[in-house]
Amino acid sequence: MSRAVPLSRRSVLVIAIASVAGLMMLVWPLLVRQPAGETVGPPFVFLLLLPVVIVVVLTEVTEGGVDPRVLAVLGVLSAITAVLRGISPGTAGVELVFFLLILAGRVFGAGFGFVLGCTALFTSALLTGGVGPWLPYQMLCSGWVGMGAGLLPRRVTGRAEIAMLAGYGVLAAYAYGLLLNLSSWPFVLGIAVPGHAGLAFVPGDPMADNLHRFLVYSLLTSTGTFDTGRAITNALAIMLLGPAVLASLRRTARRVVVTGAVTGPVTGPVVPDEPEKPLPPPRTPPSVGPSDHPSTRKEAAMSPTPAGLRSEAGSQP
(Lines give C-alpha, C1' and ligand atoms only; values in the text may rest on other atoms or scores of the structure.)
Protein backbone atom coordinates (compact mmCIF):
# COMPACT_ATOMS: atom_id res chain seq x y z
CA MET A 1 0.00 0.00 0.00
CA SER A 2 1.24 3.49 -0.79
CA ARG A 3 1.98 5.76 2.15
CA ALA A 4 -0.27 8.74 2.84
CA VAL A 5 2.76 10.98 3.46
CA PRO A 6 5.58 9.66 1.25
CA LEU A 7 9.11 10.21 2.50
CA SER A 8 11.89 11.14 0.13
CA ARG A 9 15.53 10.53 0.94
CA ARG A 10 15.95 14.14 1.95
CA SER A 11 12.94 13.94 4.28
CA VAL A 12 14.36 10.81 5.90
CA LEU A 13 17.68 12.61 6.38
CA VAL A 14 15.95 15.64 7.93
CA ILE A 15 13.97 13.42 10.32
CA ALA A 16 17.14 11.57 11.30
CA ILE A 17 18.99 14.82 12.01
CA ALA A 18 16.04 16.20 13.97
CA SER A 19 15.80 12.98 15.98
CA VAL A 20 19.48 13.13 16.88
CA ALA A 21 19.08 16.79 17.83
CA GLY A 22 16.06 15.94 19.97
CA LEU A 23 17.96 13.21 21.77
CA MET A 24 20.82 15.61 22.40
CA MET A 25 18.35 18.09 23.91
CA LEU A 26 17.18 15.34 26.25
CA VAL A 27 20.50 13.89 27.36
CA TRP A 28 22.80 16.92 27.25
CA PRO A 29 23.02 17.30 31.06
CA LEU A 30 24.46 13.78 31.22
CA LEU A 31 27.09 14.55 28.59
CA VAL A 32 28.28 17.94 29.81
CA ARG A 33 30.72 17.95 32.71
CA GLN A 34 30.05 20.85 35.05
CA PRO A 35 31.84 21.84 38.25
CA ALA A 36 30.51 20.13 41.34
CA GLY A 37 28.06 22.13 43.40
CA GLU A 38 26.64 24.15 40.50
CA THR A 39 23.01 23.84 39.51
CA VAL A 40 21.80 23.13 36.02
CA GLY A 41 19.39 25.66 34.59
CA PRO A 42 16.49 24.78 32.30
CA PRO A 43 17.54 24.73 28.63
CA PHE A 44 15.67 27.83 27.48
CA VAL A 45 17.63 27.86 24.24
CA PHE A 46 16.63 24.25 23.55
CA LEU A 47 13.02 25.05 24.37
CA LEU A 48 13.10 27.70 21.66
CA LEU A 49 14.96 25.55 19.14
CA LEU A 50 12.90 22.39 19.54
CA PRO A 51 9.64 23.85 18.14
CA VAL A 52 11.63 25.24 15.22
CA VAL A 53 13.08 21.80 14.56
CA ILE A 54 9.63 20.23 14.65
CA VAL A 55 8.23 22.82 12.23
CA VAL A 56 11.14 22.25 9.84
CA VAL A 57 10.58 18.51 9.93
CA LEU A 58 6.83 18.83 9.34
CA THR A 59 7.45 21.21 6.45
CA GLU A 60 9.99 18.89 4.89
CA VAL A 61 7.80 15.82 5.28
CA THR A 62 4.82 17.50 3.61
CA GLU A 63 6.88 19.33 0.98
CA GLY A 64 5.89 16.93 -1.77
CA GLY A 65 2.27 17.85 -1.30
CA VAL A 66 -0.36 16.11 0.74
CA ASP A 67 -3.69 15.22 -0.73
CA PRO A 68 -6.56 17.23 0.80
CA ARG A 69 -8.25 13.97 1.74
CA VAL A 70 -5.16 12.96 3.71
CA LEU A 71 -5.24 16.32 5.50
CA ALA A 72 -8.89 15.69 6.36
CA VAL A 73 -8.04 12.28 7.82
CA LEU A 74 -5.14 13.84 9.74
CA GLY A 75 -7.45 16.47 11.21
CA VAL A 76 -10.10 13.93 12.18
CA LEU A 77 -7.59 11.62 13.86
CA SER A 78 -5.98 14.55 15.69
CA ALA A 79 -9.39 15.63 16.99
CA ILE A 80 -10.27 12.09 18.07
CA THR A 81 -6.93 11.77 19.86
CA ALA A 82 -7.54 15.07 21.67
CA VAL A 83 -10.95 13.85 22.81
CA LEU A 84 -9.49 10.53 23.97
CA ARG A 85 -6.87 12.39 25.98
CA GLY A 86 -9.59 14.51 27.55
CA ILE A 87 -11.65 11.52 28.69
CA SER A 88 -8.57 9.66 29.92
CA PRO A 89 -6.55 12.26 31.86
CA GLY A 90 -3.74 9.86 32.64
CA THR A 91 -4.96 8.80 36.08
CA ALA A 92 -2.86 5.78 37.08
CA GLY A 93 -1.47 5.81 33.57
CA VAL A 94 -4.79 5.10 31.84
CA GLU A 95 -4.33 6.91 28.52
CA LEU A 96 -6.12 6.14 25.28
CA VAL A 97 -3.96 8.41 23.16
CA PHE A 98 -1.21 6.14 21.92
CA PHE A 99 -3.14 3.10 20.75
CA LEU A 100 -4.85 5.10 17.98
CA LEU A 101 -1.55 6.77 17.12
CA ILE A 102 0.12 3.37 16.77
CA LEU A 103 -2.64 1.94 14.58
CA ALA A 104 -2.70 5.02 12.32
CA GLY A 105 1.06 4.95 11.93
CA ARG A 106 0.84 1.26 11.06
CA VAL A 107 -1.71 1.84 8.30
CA PHE A 108 -0.65 5.19 6.81
CA GLY A 109 3.12 4.93 7.21
CA ALA A 110 5.98 6.42 9.20
CA GLY A 111 5.65 9.94 7.80
CA PHE A 112 1.96 10.15 8.63
CA GLY A 113 2.61 8.66 12.07
CA PHE A 114 5.22 11.28 12.88
CA VAL A 115 3.01 14.16 11.74
CA LEU A 116 -0.01 12.76 13.60
CA GLY A 117 2.01 12.34 16.79
CA CYS A 118 3.01 16.01 16.73
CA THR A 119 -0.38 17.43 15.76
CA ALA A 120 -2.37 15.16 18.09
CA LEU A 121 -0.39 16.10 21.20
CA PHE A 122 -0.45 19.78 20.25
CA THR A 123 -4.23 19.74 19.72
CA SER A 124 -4.90 17.84 22.92
CA ALA A 125 -2.67 20.23 24.87
CA LEU A 126 -4.72 23.17 23.64
CA LEU A 127 -7.97 21.49 24.64
CA THR A 128 -6.83 20.22 28.02
CA GLY A 129 -4.71 23.19 29.04
CA GLY A 130 -1.49 21.20 28.93
CA VAL A 131 0.60 23.86 27.19
CA GLY A 132 3.97 24.34 28.85
CA PRO A 133 7.71 23.92 28.39
CA TRP A 134 7.17 20.14 28.29
CA LEU A 135 4.92 20.29 25.21
CA PRO A 136 7.69 20.28 22.53
CA TYR A 137 9.20 17.18 24.14
CA GLN A 138 5.82 15.49 24.23
CA MET A 139 5.22 16.30 20.56
CA LEU A 140 8.63 14.98 19.50
CA CYS A 141 8.38 11.79 21.57
CA SER A 142 4.86 11.02 20.40
CA GLY A 143 6.01 11.64 16.83
CA TRP A 144 8.66 8.98 17.35
CA VAL A 145 5.98 6.59 18.65
CA GLY A 146 3.85 7.03 15.51
CA MET A 147 6.87 6.84 13.21
CA GLY A 148 8.09 3.64 14.86
CA ALA A 149 4.73 2.01 14.27
CA GLY A 150 5.02 2.81 10.58
CA LEU A 151 8.47 1.20 10.43
CA LEU A 152 7.34 -2.17 11.77
CA PRO A 153 7.52 -5.14 9.33
CA ARG A 154 4.74 -4.94 6.76
CA ARG A 155 4.49 -8.66 6.03
CA VAL A 156 3.06 -9.52 9.45
CA THR A 157 -0.72 -9.85 9.25
CA GLY A 158 -3.65 -11.27 11.16
CA ARG A 159 -3.30 -12.19 14.81
CA ALA A 160 0.48 -11.94 14.62
CA GLU A 161 0.12 -8.31 13.58
CA ILE A 162 -2.12 -7.54 16.56
CA ALA A 163 0.36 -9.24 18.90
CA MET A 164 3.25 -7.30 17.36
CA LEU A 165 1.42 -3.98 17.73
CA ALA A 166 0.45 -4.77 21.33
CA GLY A 167 4.07 -5.56 22.18
CA TYR A 168 5.18 -2.37 20.47
CA GLY A 169 2.59 -0.44 22.48
CA VAL A 170 4.12 -1.77 25.71
CA LEU A 171 7.67 -0.84 24.68
CA ALA A 172 6.57 2.57 23.40
CA ALA A 173 4.80 3.33 26.70
CA TYR A 174 7.93 2.71 28.75
CA ALA A 175 10.20 4.53 26.29
CA TYR A 176 7.89 7.55 26.21
CA GLY A 177 7.87 7.73 30.00
CA LEU A 178 11.65 7.47 30.25
CA LEU A 179 12.24 10.20 27.68
CA LEU A 180 9.82 12.61 29.33
CA ASN A 181 11.37 11.94 32.72
CA LEU A 182 14.77 12.67 31.27
CA SER A 183 13.54 16.01 29.95
CA SER A 184 12.72 17.24 33.48
CA TRP A 185 14.73 15.17 35.95
CA PRO A 186 18.04 17.13 35.72
CA PHE A 187 16.24 20.31 36.80
CA VAL A 188 14.28 18.86 39.74
CA LEU A 189 15.81 19.72 43.10
CA GLY A 190 15.24 18.13 46.48
CA ILE A 191 13.99 14.74 45.31
CA ALA A 192 13.10 12.73 48.38
CA VAL A 193 11.93 9.12 48.13
CA PRO A 194 11.58 7.14 51.38
CA GLY A 195 14.38 4.62 51.65
CA HIS A 196 16.36 6.13 48.79
CA ALA A 197 18.65 9.11 49.02
CA GLY A 198 20.53 11.02 46.41
CA LEU A 199 18.24 10.55 43.39
CA ALA A 200 18.70 14.07 42.05
CA PHE A 201 21.02 14.99 39.22
CA VAL A 202 24.49 15.90 40.48
CA PRO A 203 26.46 18.19 38.16
CA GLY A 204 30.06 17.08 37.79
CA ASP A 205 29.44 13.42 38.64
CA PRO A 206 30.29 10.75 36.07
CA MET A 207 27.58 9.98 33.54
CA ALA A 208 27.22 6.40 34.80
CA ASP A 209 26.41 7.60 38.34
CA ASN A 210 23.84 10.12 37.14
CA LEU A 211 22.32 7.58 34.79
CA HIS A 212 21.99 5.11 37.66
CA ARG A 213 20.22 7.75 39.75
CA PHE A 214 17.91 8.52 36.87
CA LEU A 215 16.94 4.88 36.32
CA VAL A 216 16.21 4.41 40.00
CA TYR A 217 14.22 7.64 40.06
CA SER A 218 12.18 6.61 37.01
CA LEU A 219 11.57 3.12 38.36
CA LEU A 220 10.24 4.43 41.66
CA THR A 221 8.24 7.41 40.42
CA SER A 222 7.06 6.53 36.92
CA THR A 223 7.95 3.13 35.48
CA GLY A 224 6.18 1.08 38.11
CA THR A 225 3.05 3.25 38.11
CA PHE A 226 2.13 5.56 35.25
CA ASP A 227 4.23 3.90 32.55
CA THR A 228 2.96 0.43 33.47
CA GLY A 229 -0.63 1.68 33.40
CA ARG A 230 0.01 3.24 30.00
CA ALA A 231 1.54 0.02 28.70
CA ILE A 232 -1.40 -2.09 29.91
CA THR A 233 -3.87 0.38 28.40
CA ASN A 234 -2.09 0.30 25.05
CA ALA A 235 -1.93 -3.48 24.95
CA LEU A 236 -5.56 -4.03 25.94
CA ALA A 237 -6.90 -1.35 23.58
CA ILE A 238 -4.92 -2.72 20.65
CA MET A 239 -5.96 -6.32 21.31
CA LEU A 240 -9.64 -5.48 21.84
CA LEU A 241 -10.18 -2.64 19.37
CA GLY A 242 -7.22 -3.13 17.05
CA PRO A 243 -8.80 -5.44 14.42
CA ALA A 244 -11.87 -3.24 13.94
CA VAL A 245 -9.91 0.03 13.95
CA LEU A 246 -7.29 -1.36 11.53
CA ALA A 247 -10.01 -2.51 9.12
CA SER A 248 -11.69 0.91 9.24
CA LEU A 249 -8.40 2.78 8.75
CA ARG A 250 -7.42 0.56 5.83
CA ARG A 251 -10.75 1.14 4.10
CA THR A 252 -10.14 4.85 4.53
CA ALA A 253 -6.57 4.51 3.26
CA ARG A 254 -7.73 2.83 0.05
CA ARG A 255 -9.89 5.87 -0.68
CA VAL A 256 -7.51 8.67 0.25
CA VAL A 257 -4.09 7.30 -0.73
CA VAL A 258 -3.35 7.82 -4.40
CA THR A 259 -1.49 4.94 -6.04
CA GLY A 260 0.09 4.74 -9.47
CA ALA A 261 1.22 8.37 -9.61
CA VAL A 262 3.72 9.42 -12.26
CA THR A 263 7.08 9.83 -10.55
CA GLY A 264 9.26 10.98 -13.47
CA PRO A 265 9.16 12.67 -16.87
CA VAL A 266 8.17 10.75 -19.94
CA THR A 267 11.34 9.74 -21.79
CA GLY A 268 9.89 8.06 -24.84
CA PRO A 269 8.79 9.80 -28.04
CA VAL A 270 5.47 11.50 -27.88
CA VAL A 271 3.15 10.05 -30.52
CA PRO A 272 0.40 12.44 -31.55
CA ASP A 273 -3.07 11.15 -31.43
CA GLU A 274 -4.45 9.98 -34.78
CA PRO A 275 -7.15 12.25 -36.14
CA GLU A 276 -10.57 10.83 -36.08
CA LYS A 277 -11.68 9.47 -39.43
CA PRO A 278 -14.86 11.02 -40.78
CA LEU A 279 -17.86 8.82 -40.75
CA PRO A 280 -18.93 7.50 -44.19
CA PRO A 281 -22.00 9.14 -45.67
CA PRO A 282 -25.26 7.28 -45.14
CA ARG A 283 -25.93 4.69 -47.79
CA THR A 284 -28.63 5.68 -50.26
CA PRO A 285 -31.52 3.28 -50.69
CA PRO A 286 -31.16 1.07 -53.78
CA SER A 287 -32.84 2.40 -56.87
CA VAL A 288 -35.52 0.38 -58.58
CA GLY A 289 -34.63 -0.38 -62.18
CA PRO A 290 -37.13 -0.82 -64.99
CA SER A 291 -36.77 -4.57 -64.92
CA ASP A 292 -37.62 -4.73 -61.24
CA HIS A 293 -40.90 -2.88 -61.54
CA PRO A 294 -43.97 -5.14 -60.85
CA SER A 295 -45.65 -4.22 -64.11
CA THR A 296 -42.55 -5.15 -66.09
CA ARG A 297 -42.39 -8.56 -64.41
CA LYS A 298 -46.11 -9.08 -65.21
CA GLU A 299 -45.63 -8.22 -68.84
CA ALA A 300 -42.65 -10.57 -69.03
CA ALA A 301 -44.75 -13.41 -67.65
CA MET A 302 -47.56 -12.81 -70.23
CA SER A 303 -45.27 -12.58 -73.27
CA PRO A 304 -45.39 -15.59 -75.72
CA THR A 305 -42.69 -18.18 -75.64
CA PRO A 306 -40.10 -17.91 -78.45
CA ALA A 307 -40.54 -20.24 -81.40
CA GLY A 308 -37.46 -22.29 -80.68
CA LEU A 309 -38.62 -23.09 -77.23
CA ARG A 310 -42.13 -24.04 -78.46
CA SER A 311 -40.75 -26.57 -80.91
CA GLU A 312 -38.55 -28.18 -78.26
CA ALA A 313 -41.46 -28.37 -75.84
CA GLY A 314 -43.69 -29.93 -78.42
CA SER A 315 -41.17 -32.61 -79.46
CA GLN A 316 -40.94 -34.04 -75.99
CA PRO A 317 -43.42 -36.83 -75.14
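## A guided look at a helical chain

Visitor: Among contacts in the protein chain between residues at least 6 apart in sequence, what percentage join residues at least 24 apart?
Guide: Happy to start there; contact here means heavy atoms within 4.5 Å. Counting contacts in the protein chain between residues at least 6 apart in sequence, the share that joins residues at least 24 apart is 79%.

Visitor: What kind of model is this, and from which number are residues counted?
Guide: It is a predicted model, in which local features need pLDDT of at least 70 and side-chain atom pairs count only at pLDDT 80 or more, while totals for chains, interfaces and linings use all residues. Side-chain values use heavy atoms, with hydrogens and water left out, and along each chain, as its sequence is written, residues are numbered from 1.

Visitor: How many helices and strands does the secondary structure of the protein chain come to?
Guide: Helices (H or I, at least four residues) and strands (E, at least two) are DSSP runs, numbered from the N terminus. Along the sequence the pattern reads α-α-α-α-α-α-α-α-α-α. The tally is 10 helices and zero strands.

Visitor: What percentage of the 317 residues of the protein chain count as buried?
Guide: Buried means under 20% relative accessible area, exposed over 50%, and partly exposed in between (1.4 Å probe, protein chains only). By that rule, the buried share of the 317 residues is 39%.

Visitor: How many of the residues of helix H4 are buried?
Guide: Helix H4 spans residues 98-108 and is mostly covered. Its cover includes helices H3 (68-87), H5 (110-128), H6 (135-150), H7 (158-184) and H8 (207-256). Among the buried residues are Phe98, Gly105 and Phe108.

Visitor: Just after H4, which residue takes a positive phi?
Guide: Look at the position just after helix H4, where phi is about 105°. The residue with that positive phi is Gly109.

Visitor: With which residue does the side chain of Arg106 meet in a salt bridge?
Guide: Arg106 lies in helix H4 and counts as buried because its relative accessible area is 1%. Leaving aside neighbours within four places in sequence, its contacts include Ala149, Pro153, Met164 and Leu246. A salt bridge is a side-chain nitrogen of Lys or Arg within 4 Å of a carboxyl oxygen of Asp or Glu. At 2.8 Å, N to O, the salt-bridge partner of Arg106 is Glu161.

Visitor: With which residue does Glu161 form a salt bridge, the closest N and O atoms being 2.5 Å apart?
Guide: Glu161 is itself buried, at 3% relative accessible area. The partner at 2.5 Å is Arg250. This pair links distant parts of the chain, helix H7 and helix H8, 89 residues apart.

Visitor: Why are Asp227 and Arg230 separated by about one helical turn?
Guide: Asp227 and Arg230 form a salt bridge with closest N and O atoms 2.8 Å apart, and both residues are buried. They are about one helical turn apart because they sit three residues apart in helix H8.

Visitor: Is Leu240 buried or exposed?
Guide: Leu240 is found in helix H8, and together with Ile232, Leu236, Met239 and Leu241 it makes a nonpolar surface patch of about 510 Å². Patches are made of residues with over 30% relative accessible area and no salt bridge, like charges being joined within 9 Å and nonpolar side chains (Val, Leu, Ile, Met, Phe, Trp, Tyr) within 5 Å. Because its relative accessible area is 67%, Leu240 is exposed.

Note on methods
Areas by Shrake-Rupley, 256 points an atom, 1.4 Å probe, with all protein chains shown as cover.
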